[in-house]
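Open the model in your viewer and keep the selection tool handy. The tour goes from stop to stop.

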Amino acid sequence: MRALQLIGDRQLELVDLPDPAAPAEGEVQVRIKAVGLNHLDVWGFRGMAFAKRKLPLIVGAEASGEIAAVGPGVTNFKPGQKVTMYGAMTCGHCANCRDGRDNLCENVGGVFGFHIDGFARDLMNIPARLVVPVPDNVSLRDAACAPIAFGTTQHMLFDNAKLKNGETVLVHAAGSGIGSVAIKMAKALGCTVITTVGDDAKAEKAKALGADHVINYKTDRFEGVTRKLTQKKGVDVVFEHVGGEGFNASLFCLKRGGRLVTCGSTAGPTVTINLMQLFQQQYKIFGSFGCTIRNIHESLAKMADGMSTIIDSEFALTDFEKGLARLEGRQVFGKVIVNF
């Protein structure tokens, strides 16, 4: 089978590996059909792993495919069925796993494609408990975006920020995979959406998604415009995944008692917070990592109801690096998909 391996920092190699053995007890074998690219892939490609890993490493942190075979004891999947997969090797038996809080697993074995071999291969065996069925009317291309782009956003907006109908939300980076999804999810709930972009072409695309107000952060200070748009009251929720110098500006955009939820730090992981501002304004800050398996089911249900994925571009497996380059260069609006 084909597999795309990272053999060194910024060095990918498409290799031929033996097909996996028949799936063991409780496992299924999945034939991968599409991989969704994320900044996590870019970080791994650069060598920015946050835990020990061994090279070569099969890349790919988010994917969809079809069941190729089922192992003994697996009764809820059948060959040919469309599926997507959870993005981390959780233990399945700790208190958090038992409670459905998969992203707080106490014995996690690593993130696929980042710490342990990922999804960019023709075939892989995986525990059936980490596999999620895809509705018949959802394409495998869209399903490849459910575990991270949709699942992460679902977890941030609804499990953590508790976004409600009629609230105002500031969504950073409308052109990103999760940013574009956040706009759609918030608008579907009846929220007012303010969003940021880095150029005017992306502004038009953000408006087409339903954003009520779009701010080009390269020409305007987004915090000033946001305060003006909200008559100096601020927003109920900030959907933050950028970090860096803009983090405190995002706090300034909140109304008293507002909620900021963050899952990323693409502009830098270190920030300084004014504690007096934090407690006087009674802000609530939520750190959010990944999602739960329940969130993937919820995301696929939204897709089945018509919430489509915004696709920036599609590449063949041999052009994986071209997709990474689009992400790294911040050229994208929506998701980059690699097809098998």
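Select R10 first: at 42% relative accessibility it counts as partly exposed, a class that lies between buried (under 20% relative accessible area) and exposed (over 50%), using a 1.4 Å probe and protein chains only. This is a predicted model, where local features need pLDDT of at least 70, side-chain atom pairs count only at pLDDT 80 or more, and totals for chains, interfaces and linings use all residues. Residues are numbered from 1 along each chain as its sequence is written, and side-chain values use heavy atoms, leaving out hydrogens and water.

R10 and E328 form a salt bridge, with the closest N and O atoms 2.6 Å apart. The term means a side-chain nitrogen of Lys or Arg within 4 Å of a carboxyl oxygen of Asp or Glu. R10 sits in the loop between β1 (2-8) and β2 (11-16) and E328 in helix α11 (residues 320-328), so the pair ties together parts 318 residues apart in sequence. Helices (H or I, at least four residues) and strands (E, at least two) are DSSP runs, numbered from the N terminus.

Next, pick D159 and R294. Their side chains meet in a salt bridge (3.1 Å, N to O). D159 belongs to helix α4 (residues 146-160) and R294 to helix α10 (residues 293-304), so this pair ties together parts 135 residues apart in sequence.

Last stop: E240, in strand β12 (residues 235-240).
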